[in-house]
Structure formats: C-alpha cells, structure tokens
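Reader: I am new to this structure and would like to learn how to read it. Could you walk me through it, one feature at a time?

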Amino acid sequence: MRSNSLQIATYLTNCAVREQTLLTREWVAAKQTFLDWDSQPSLFKHYPHFCYRVRLGDYPSLAWLRETRCITDEHTVAQKPYRRLNVPSAGNLHPLEIYVQIRNITGLLSGIYHLDVLHEELVMIREIAGEGIEPYVGMEKRFNGVIVMISLVPFRSSWKYGLRAWRYLYLDLGHQIDALYASIRHFGMSCTKLSVNEKLNAIMGLGADEVIGAVYGVGELGERSVKPLSLPLMHVQPTDYTQTLEPLTASLAEVGIYTEIATPIVYEDFLKINHTRRSAREFNPEGMSDTVIQELMSIPAAVSLEIGIFVFQAYSMQLGLYRNGKCAVSGNFNSEIVHLLLDQRFISGSNMVVLIFAENFCAQTHIEAGNYAQELYVACEHHNAGCSGIGAFYDDEALRWSDKALLYAVAIGGKV
Ligand SMILES: Cc1cc2nc3c(=O)[nH]c(=O)nc-3n(C[C@H](O)[C@H](O)[C@H](O)COP(=O)(O)O)c2cc1C
C-alpha cells in the first residue's frame with residue numbers, strides 16, 4: 001500500500017515536471033527575445049588559486065579521465081572564447097562538473113579533487129588517508145582507485161531555458177555518463193556500481209546551486225577500514241553568480257543519484273571520435289548510405305525507452321516511420337517532423353530523425369535517452385555521418401506519433 005502511494009506520488013511529481021517544462025507555440029512565440037550573452041554564468045567551476053593542482057596529462061593511468069570530459073574545439077565569438085567539449089550539451093551550456101576521490105594511485109596524493117576541464121588539471125579539495133567518501137557511497141572499506149561523481153549545475157542551463165532546463169540537465173548527464181563509460185572501456189577498465197546515501201551532497205560541500213547526479217567507482221575495494229569525512233569540503237559556487245529557480249532546484253534535490261551502468265559500443269577509433277565529434281548544422285542527404293541508416297537503426301536503447309525512427313531520404317529503403325527495424329507507417333513525414341522540432345530548418349536536409357519516447361517521464365528515462373543519443377553521435381562519427389541532438393520540440397504535437405512522452409530527438413544525415 002505504501003509503495004503504491006509512493007508510486008502515485010512520484011507519478012504526480014513527474015507529470016507536474018512535464019507540464020511545467022512543456023514547449024508550446026504560445027511559449028515559443030512569447031520567447032522571441034535575444035539573450036544577453038554577457039550575462040552568461042561561467043561555464044567552468046574554479047576552486048581557489050591556493051589549492052594544490054596536478055596536470056592530468058602527467059598521469060597516463062588517468063588518460064581515461066581526461067578523455068571523459070575535455071575541450072575539443074576553441075575559437076573566438078564576439079571577442080570571447082567559445083569552447084566546445086567532447087560531449088554535446090543543449091545550447092553548449094555544459095551544466096555539469098566532475099569530482100573524483102583518488103586513493104592509492106602511484107604518484108598522486110590520495111584526495112578528493114575537482115576535474116578542472118578548462119586547465120586539464122585535477123585540483124585537490126581535501127587530502128585523505130583514513131577518512132574518505134566511501135561510507136557515503138555504500139562502502140565500509142577503502143576503495144583503491146577512483147570514485148567519480150558527476151554534478152548538475154542548474155543555473156548554467158536555466159539562465160537560458162528556464163524550467164525546461166530540467167530536461168536538458170538529465171539529457172546532458174546521460175551523454176556524459178555514456179562518454180565516461182566508453183572511455184573507461186576503451187582503456188580496458190570497468191566500473192563498480194555504488195549505492196549512494198543522501199548525505200553525499202552536503203559532505204562534498206555542495207549547496208542548492210549544485211547537486212550530485214551520478215556516481216561510479218573505477219578500481220577495487222581494499223581491505224582497510226575507512227571513516228566518514230569528519231568535516232564537509234569547502235563550498236565554492238559553481239558559477240560566478242546564481243539566480244535560483246526554486247521549482248527547478250527543489251525538483252533536482254528530490255531526484256535520487258543515478259548509479260546504473262551504461263554499456264556503450266566502443267569503436268577502435270574511439271580517441272579520434274572523441275576529439276572530432278560535433279553537432280551537425282547542415283546535412284548532405286546524398287552523403288549517407290542505406291547500410292549506415294540500417295546500422296544506426298540497430299543500435300539498442302534502454303528498455304525504458306520507445307524508439308521511432310523516421311527515414312526521409314534513402315537510396316532504396318522505404319521512407320516512413322520505423323519501429324524495431326521495420327517500416328510501421330510508410331510515407332515521407334519530413335515537413336511534419338521538422339515542424340514538430342520547432343521548425344529548425346536544417347533538419348529538413350537530414351536522412352533520418354530518431355524520436356525517443358518513454359512511458360515514465362522522469363530523470364532516469366532522460367538520462368537513458370541521453371545515453372542512447374550519445375551512442376548515436378559516436379556511431380555517426382565512426383560512419384562519417386552528421387548528427388545533432390534536438391531537445392526543442394512541441395511536446396503535445398508529438399502525441400500524434402506515440403501515446404508516450406517525447407523526451408528527445410536526434411537528427412542524422414550525410415556530412416557536408
Ligand atoms: C540535450 C541537448 C539538446 C539539444 N538541442 C538542440 C536543438 O534543439 N537544436 C540544435 O540545433 N542543437 C541542439 N543540440 C546540440 C547543441 O547545440 C550542441 O551540442 C552544442 O552547441 C555544442 O556543440 P557540439 O555538440 O558541436 O560540441 C542539443 C544538444 C543536447 C545535448
């Protein structure tokens with residue numbers, strides 16, 4: 001009875017989140033104002049200059065961590081640096097940070113570090129020995145290796161997207177988890193599933209402006225016992241300023257920390273893919289073969305998701321809506337789907353659009369949609385196809401294609 005009422009409560013909360021984050025024609029029309037990019041909150045968190053730092057590149061055993069989240073493109077826009085990372089992000093706003101606890105790794109002081117992606121450094125927040133975060137992630141013994149924590153920084157995204165940022169935070173997190181896992185596997189390691197306790201956020205020194213979203217272990221449990229940290233870590237704001245969007249931060253605080261392990265396909269050209277992947281901004285429909293379309297269709301998604309794939313342009317394949325590899329409805333629905341995706345014109349040149357639906361509108365399904373979309377990005381890069389995640393769509397218009405909620409879309413086509 002209790003679990004039933006809990007399920008109902010969760011369902012109601014999830015429905016409320018969906019309603020509060022809908023895109024409707026009225027909302028889009030009212031939102032046609034320009035953003036002041038000068039007021040964009042900072043994209044990278046900075047710990048104080050006096051913290052001890054090490055260069056990630058000096059530790060080959062941590063190459064997997066460097067490849068997990070790194071800057072892969074940098075140029076100047078309006079006299080300001082414009083940086084893009086190995087993982088895509090809605091609006092290129094990158095509302096995530098990574099922390100690691102490192103124990104017993106040759107040449108490194110054991111401690112809790114922030115991954116400073118901008119400077120490719122690990123910044124020590126606290127040195128550790130007999131204490132650690134193990135008790136907060138379900139372990140009574142010291143964990144030799146690395147405990148990875150990925151946090152969400154809501155204001156980086158809500159600054160532009162308001163409450164709809166809720167969705168993008170979890171989709172971005174899904175991309176990042178999949179990228180972490182692919183990197184770990186490429187370097188021949190594996191992940192340990194942890195069980196997190198609700199005190200982790202506070203002990204990591206994080207306030208309402210940043211919450212841990214996912215945690216993983218890379219290493220193995222040792223023999224020696226460990227005590228919980230006696231004091232929380234120092235608190236540092238993740239952005240240079242913050243404006244709290246109360247319903248957003250309240251909702252994030254209620255979501256549990258994700259610990260499920262993704263199983264990405266790892267291609268032999270992983271390193272090249274990780275550095276060259278970009279979101280497509282135009283497509284060449286002649287540049288994509290039917291074999292690649294079918295290859296992409298065969299990539300598995302989590303069971304929590306329902307996948308509908310629209311093929312608009314192909315050499316000999318039937319055009320239409322595909323489900324489970326079979327054409328379920330034939331026809332060319334290009335103009336309907338471009339409209340559904342907020343009339344973003346470049347999508348009309350794509351060969352296919354993947355729609356990702358779920359029965360349960362919740363953080364977990366958004367993360368899993370992000371995992372799957374990251375798989376598509378990586379596979380496209382491997383097959384020299386273009387790809388872009390699409391988080392902007394008219395939610396209710398998607399109900400024409402499924403009775404489930406649309407969480408995310410991915411447009412795919414030949415590279416220009
Ligand atoms: C959750 C999510 C939603 C996105 N939504 C859109 C979108 O609606 N339209 C679009 O053109 N690009 C979209 N993108 C792509 C981003 O704009 C792109 O990742 C970002 O500009 C960084 O560029 P890069 O992927 O080439 O590094 C989305 C990406 C993500 C991860």
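Author: Gladly! Let us begin with helix 4, whose buried residues are Pro-154, Phe-155, Arg-156, Ser-157, Ser-158, Trp-159 and Tyr-161. Before going on, please note that this is a predicted model, in which local features need pLDDT of at least 70, side-chain atom pairs count only at pLDDT 80 or more, and totals for chains, interfaces and linings use all residues. Residues are numbered from 1 along each chain as its sequence is written, and side-chain values use heavy atoms, with hydrogens and water left out.

Reader: What do "buried" and "helix" mean here?

Author: Buried means under 20% relative accessible area, exposed means over 50%, and partly exposed is in between, with a 1.4 Å probe and protein chains only. Helices (H or I, at least four residues) and strands (E, at least two) are DSSP runs, numbered from the N terminus. Helix 4 covers residues 154–161, and seven of its eight residues are buried.

Reader: Which elements cover the buried residues of helix 4?

Author: The cover includes strand 4, strand 8, helix 5 and helix 7 (246–254); contact here means heavy atoms within 4.5 Å. After helix 4 comes Gly-162, with a positive phi near 60°.

Reader: How do I read strand pairing, and which strands does strand 8 pair with?

Author: Two strands pair if DSSP finds at least two bridges between them. Strand 8 runs antiparallel to strand 4 (residues 96–103), joined by eight bridges. Strand 8 also pairs with strand 9 (residues 211–225), again in the antiparallel sense, over eleven bridges. To find these pairings in the model, look at Glu-97, whose bridge partner in strand 8 is Ser-151, and at Phe-143, whose partner in strand 9 is Leu-221.

Reader: Is strand 8 mostly covered or mostly open?

Author: Strand 8, residues 141–152, is mostly covered, with ten of its twelve residues buried.

Reader: Is Arg-84 buried, partly exposed or exposed?

Author: Arg-84, found in strand 3, is at 25% relative accessibility and therefore counts as partly exposed. Beyond residues up to four places away in sequence, Arg-84 touches Cys-70, Ile-71, Thr-72, Asp-73, His-75, Asn-92 and Arg-278. Its C-alpha atom is separated by 8.6 Å from that of Cys-70, 14 residues apart along the chain.

Reader: How do I find empty space in a model?

Author: Rolling a probe the size of a water molecule over the atoms shows where empty space is left. On a 1 Å grid over the protein atoms alone, a cavity is a set of points where a 1.4 Å probe fits but cannot get out, while a pocket is an open set with protein on both sides within 12 Å along at least five of seven lines; lining residues have an atom within 4 Å of a point. Grid points are joined across faces, edges and corners, and a volume is the space filled by probe spheres set on the points.

Reader: How many cavities of 30 Å³ or more are there in the whole structure?

Author: The search finds four. The largest cavity holds about 110 Å³ of space. Of the 13 residues lining it, Ala-182, Phe-270, Asn-274, Gln-374 and Val-378 are closest to its centre. Helix 5 (165–186), helix 8 (270–276) and helix 11 each give two or more residues to that lining.

Reader: And what lines the second largest pocket?

Author: The second largest pocket, with a volume of about 460 Å³, is lined by 17 residues, of which Gln-40, Leu-43, Lys-80, Pro-81 and Tyr-82 lie nearest its centre. Strand 3 (residues 80–85) gives the largest share of the lining, four residues.

Reader: How do I check the length of helix 11?

Author: The expected span is 1.5 Å times one less than the number of residues. The 20 residues of helix 11 (residues 363–382) should span 28 Å, and the end C-alpha atoms are 29 Å apart, which agrees. Of these 20 residues, 18 are buried. Just after helix 11, Asn-384 takes a positive phi of about 60°.
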